[in-house]
Amino acid sequence: MSLSLRIFIIYMLFVALCSYFVLRTVMEEIRPGVRQTTEETLVDTANLLAEFLREPMLNKQINNDFYADIFRAYGQRTPNANIWGVNKFAVNHRIYVTDSKGIVLLDSKNIAVGQDYSRWNDVYLTLQGKYGARSSHEVEGDERTSIMYVAAPIKHGDDIIGVVSVAKPNRSVQPFIDRTQQRLGLLAGGLILLGLLSGAVFSWWLSRELRKLREYAVNVSQGARASIPQGRIASGELRQLAQALESMRTELDGKAYIERYVQTLAHELKSPLAGIRAAAELLQTPLLQAPENQQQRQRFISNIDSESLRLQHLIERLLNLALVEQQQSLHDPQLVDLNALCDELISNHMARIAQQSLQIHKDYAPSSWVTGEMFLLRQAINNLLENALDFTPQGGIIRLQTLRQGDSLQLSICNQGEPIPEFAFARLTERFFSLPRPQTGKKSTGLGLNFVQEVMTLHKGELSIVNLASISPAVQQAGVQVVLSFTAP
């Protein structure tokens, strides 16, 4: 299971549990909250009516038809009110008045006149000077039929001469409770959905950031080029971690690279240094001081010169290779015209081309622009051109071609040298591996193709080397083709 999925599942469970408990608590508080508000309104109404009915109670006029008609007319009113989306078409209050003994004198529903209500809490407590209220069910055990009763004393001085009770069915406020719960449920559902969406985005973002670090670490562990471009890591802490990893990798790579190169350089320098030392020692022997050994002295001096030149080439190639191997990305990318670059390099080798009586055939595409680093491309193509000159026989032909295919641009250099042995293909770009030159029998530094391979990797391109005979077996054409494939800008 991926890290992002684990984070999202944990976050989802946390949001679900918190939402459940919070929503459950709020839902449970809505009903009593609405009923408490309703009770407070009933208290005000009962006390208002108590003041209004005080004089009729004192004058024994409370049970005449005048007040009965008023209460009856009140119960029959149709408000046709729209209260925040809830329509109200009837008056739900029931009002009844009792005397000081609890006997009902007046009832807006006309169902309890003459009955003894002194046992009901609203009347009983009010007659004792306490707050009188009760909740009763019209249908026993059915919460939906509950009715709230609130009473207020009708006073004459300090004496309680009667009680007025106002009743309201709880079902009349149920639409407001249902509407509030429905809206709250929709809001809670939206918030939960938003929370889950935020959690998913956060999990994806964190996973993406960590995946970049993981890919970087894997590439480093495999010895591949790896860098973390600026701005790819968005989080401040993760960016600091990435920078720390980058710094650590640079330090470790630098130490390992230096150790490897010192060992390689020491190994490769042994052979030419041994030749120079041997030639120098022989030149110092008395035997070679004689005039008749002038030719031998000249041969040893020539060996010293050629081995010194070999050392110089080896060091230069190693320095260039070290430069490109340590480079993680192009430092100065720009548009480079490969046609013009090839012409420039060919003109630099014109003396050698004339000396070997070689022919240069060019077949350029109209447009050969690529994005790259001029210095590295010049060195890489020059290495390939030198190899072509080394392996092409006297009077042979070297062909250069640029070919555009869609978004790809290919540069191929063909020579007429001997085919590459099958065993050598796997090692052609290996450091210090080289085949003997046909004209001298000597090997090169073995760093040229390795350098070209590193340059093409930096340019996100490819290096391929084939024998021409393998391309056209029927023609049995001798020679080797080297192809550099670039992605065109």
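User: Which residue in β7 is the bridge partner of P153?

Analyst: V163 is the bridge partner of P153 in β7. The model is a predicted one, in which local features need pLDDT of at least 70 and side-chain atom pairs count only at pLDDT 80 or more, while totals for chains, interfaces and linings use all residues. Residues are numbered from 1 along each chain as its sequence is written, and side-chain values use heavy atoms, with hydrogens and water left out.

User: In what sense do β6 and β7 pair, and over how many bridges?

Analyst: β6 (residues 146-156) and β7 (residues 159-169) pair in the antiparallel sense, over ten bridges. Two strands are said to pair if DSSP finds at least two bridges between them. Strands (E, at least two residues) and helices (H or I, at least four residues) are DSSP runs, numbered from the N terminus.

User: What order do the strands of that open sheet have?

Analyst: The sheet has five strands in the order β4-β3-β7-β6-β5, with antiparallel pairing. At its edges stand β4 (104-107) and β5 (132-137); each has a single partner strand, so one side of each lacks a neighbour in the sheet. Neighbouring strands are turned by 20 degrees against each other on average, direction ignored. The axes are lines fitted to C-alpha atoms, for helices over the stretch in contact, and angles run from 0 to 180 degrees between N-to-C directions.

User: Changing topic: how many salt bridges does a search of the whole structure find?

Analyst: The search finds six, a salt bridge being a side-chain nitrogen of Lys or Arg within 4 Å of a carboxyl oxygen of Asp or Glu. One of them joins D343 and K362, with 3.0 Å from N to O. D343 lies in helix α8 (residues 338-348) and K362 in strand β9 (residues 359-363), so that this pair, 19 residues apart, links distant parts of the chain.

User: What does E344 form a salt bridge with?

Analyst: E344 forms one with R378, the closest N and O atoms being 3.3 Å apart. E344 lies in helix α8 and R378 in helix α10 (residues 374-391), so the pair ties together parts that are 34 residues apart in sequence. E344 is partly exposed at 34%, and R378 is partly exposed at 25%.

User: And E51, what is its partner?

Analyst: E51 forms a salt bridge with R54, and their closest N and O atoms are 3.6 Å apart. E51 is exposed at 51%, whereas R54 is partly exposed at 30%.

User: Now helix α3: which of its residues are buried?

Analyst: The buried residues of α3 (residues 65-75) are Y67, A68 and F71. They cover an arc of only 105 degrees around the axis, which puts them on the same side of α3; the arc is that of the directions from the helix axis to the C-beta atoms. D65 and F66 are exposed on the other side of α3.

User: Last one: where is L463 found, and what is it in contact with?

Analyst: L463 is found in strand β13 (residues 462-467) and is buried at 15% relative accessible area. Leaving aside neighbours within four places in sequence, L463 is in contact with T429, L449, V452, Q453, M456, V482, V483 and L484, where contact means heavy atoms within 4.5 Å. The C-alpha atoms of L463 and L411 are separated by 9.9 Å, the two residues being 52 residues apart along the chain.

Key. Buried < 20%, exposed > 50% of the residue type's maximum accessible area, 1.4 Å probe, protein only.
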